[in-house]
Amino acid sequence: MGRLTVETSILIAQEPCKVCQSRLGLGVSNMKLRPIEGKVKRLYNADYAKNYRVSDSDEYGSPSFNEYRNILQYYTSINETNQVLDLGCGTGRYFSCLENTIYLLGIDISLPMLLEAKKPISKDKITITQIDLLCASIFGLHLPSGKFDMVYSFGVLGEHSPFTSEICEAVFNTLKANGIFFFTVVDIDSKRIKRSLKRRMIDLIYPICPAAIQNMIDAGISHYMTFEKLENIMVNSSFREFDITRRVENSHGWSGAHFNCIAKKKE
Ligand SMILES: C[S@@+](CC[C@H](N)C(=O)[O-])C[C@H]1O[C@@H](n2cnc3c(N)ncnc32)[C@H](O)[C@@H]1O
């Protein structure tokens with residue numbers, strides 16, 4: 001399925017750009033960056049992106065990579081033609097894991113990461129017919145309704161950016177019936193030793209703070225989550241079917257645990 005050469009195009013939407021956004025079927029919003037997004041952009045600069053691309057080779061074949069690859073392969077092999085969305089695609093570490101995919105949209109806020117994603121790991125194994133890479137925040141985009149068979153997001157939500165009811169509903173809306181949402185968040189309890197009293201106080205008051213205060217908090221802290229908080233968002237979402245598992249990791253300087261969540265948009 002698909003061609004061996006990948007047509008990769010990079011579309012810059014940091015400034016509102018009606019042309020590229022309408023080509024991608026995305027609504028136009030004003031794309032004003034929140035403080036947290038500015039922080040992510042500064043972190044994922046050109047040097048960081050180059051190192052991250054090098055680390056793709058170290059991660060390739062690791063237990064977590066194999067697990068994510070198997071799940072991506074399983075769900076994309078059910079349909080014959082998939083349209084897939086990678087939220088926070090980074091350097092395209094998982095592009096080669098997709099089967100039967102005619103279209104992949106990778107969104108990332110970091111242009112240096114997307115430039116590395118033009119030459120992703122295992123490029124020769126990629127069978128995707130067309131890949132579009134969009135430089136934008138995953139927040140503030142109006143994703144088209146009922147377009148994607150699968151949306152996945154690894155190492156982004158509940159980590160650099162918050163996992164919220166809003167993003168969950170946006171993903172639900174952009175999935176086709178029976179579409180799959182597969183994502184990870186960091187288990188805050190696996191990092192509890194480093195979690196200060198101040199952070200615990202902030203967690204308590206965060207839900208009742210006005211948006212402006214929440215933005216300030218977002219800019220200063222990580223977005224790791226408890227199982228209960230993640231489950232609560234999923235239970236109150238439009239997804240009727242979901243499963244959360246926990247994976248402990250200790251690889252290449254990162255130790256902790258992720259919750260892996262697979263949700264299905266029931267017909
Ligand atoms: C740890 S990397 C993971 C990259 C890729 N998903 C992977 O598993 O290799 C996190 C990525 O999320 C991106 N990111 C974080 N917050 C984002 C946001 N609000 N919008 C778009 N991209 C974001 C970063 O720029 C970075 O490329």
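1. Confidence. The average pLDDT of the protein chain is 86, and 84% of the residues score at least 70. Residues 1-5 fall below 50, and this stretch has seven contacts in the model beyond near neighbours in sequence. Where pLDDT is low, the predicted coordinates should not be read in detail.

2. Overall make-up. The protein chain contains nine helices and eight strands. Of its 267 residues, 35% are buried. Among contacts with a separation of 6 or more, 75% are between residues 24 or more positions apart.

3. Strand β2 and its partners. Strand β2 covers residues 82-87, and five of its six residues are buried. β2 pairs with β3 in the parallel sense over six bridges; in that pairing, Asn 82 has Thr 101 of β3 as its bridge partner. β2 also runs parallel to strand β5 (residues 148-153), to which three bridges join it. On the β5 side, Val 84 stands opposite Met 150.

4. Gln 83. This residue lies in strand β2. Leaving aside neighbours within four places in sequence, Gln 83 is in contact with Ile 102, Tyr 103, Lys 147, Phe 148 and Asp 149. For one of these, Phe 148, the C-alpha atom is separated from that of Gln 83 by 5.0 Å, although the two residues are 65 residues apart along the chain.

5. Strands β6, β7 and β8. Strand β6 (residues 175-186) pairs with strand β8 (residues 254-264) in the antiparallel sense over seven bridges. Strand β7 (residues 241-251) is likewise antiparallel to β8, with eleven bridges joining them.

6. Ala 263. This residue is found in strand β8. Ala 263 counts as buried, because it has 24 C-beta neighbours inside 10 Å and the cut-off for burial is 20 or more. Apart from neighbours within four places in sequence, its contacts are Phe 181, Met 234, Phe 239, Glu 241 and Phe 242. Ala 263 and Phe 172 are 91 residues apart in sequence, with 9.2 Å between their C-alpha atoms.

7. Helix α3 and the residue that follows. Helix α3 (residues 46-59) has 14 residues. From first C-alpha to last it reaches 20 Å, close to the 20 Å expected at 1.5 Å a residue. Just after α3, Gly 61 takes a positive phi of about 90 degrees.

8. Most residues other than glycine have a negative phi. Ser 122 is a residue other than glycine with a positive phi, near 55 degrees. Ser 122 sits in the loop between α5 (111-117) and β4 (130-135), and it counts as partly exposed because it has 15 C-beta neighbours inside 10 Å. Asn 178 is not a glycine either, and its phi is positive at about 70 degrees. The place of Asn 178 is in strand β6. Asn 178 is exposed, because 12 other C-beta atoms lie within 10 Å and a residue with 12 or fewer is classed that way.

Definitions and conventions
Residues numbered from 1 in each chain as written. Predicted model: local features only at pLDDT ≥ 70, side-chain atom pairs only at ≥ 80, totals over all residues. Helix = DSSP H or I, 4+ residues; strand = E, 2+ residues; numbered from the N terminus. Expected span 1.5 Å × (residues − 1). Contact = placed C-beta atoms within 7 Å. Pairing = 2+ DSSP bridges. pLDDT = per-residue confidence, 0-100.
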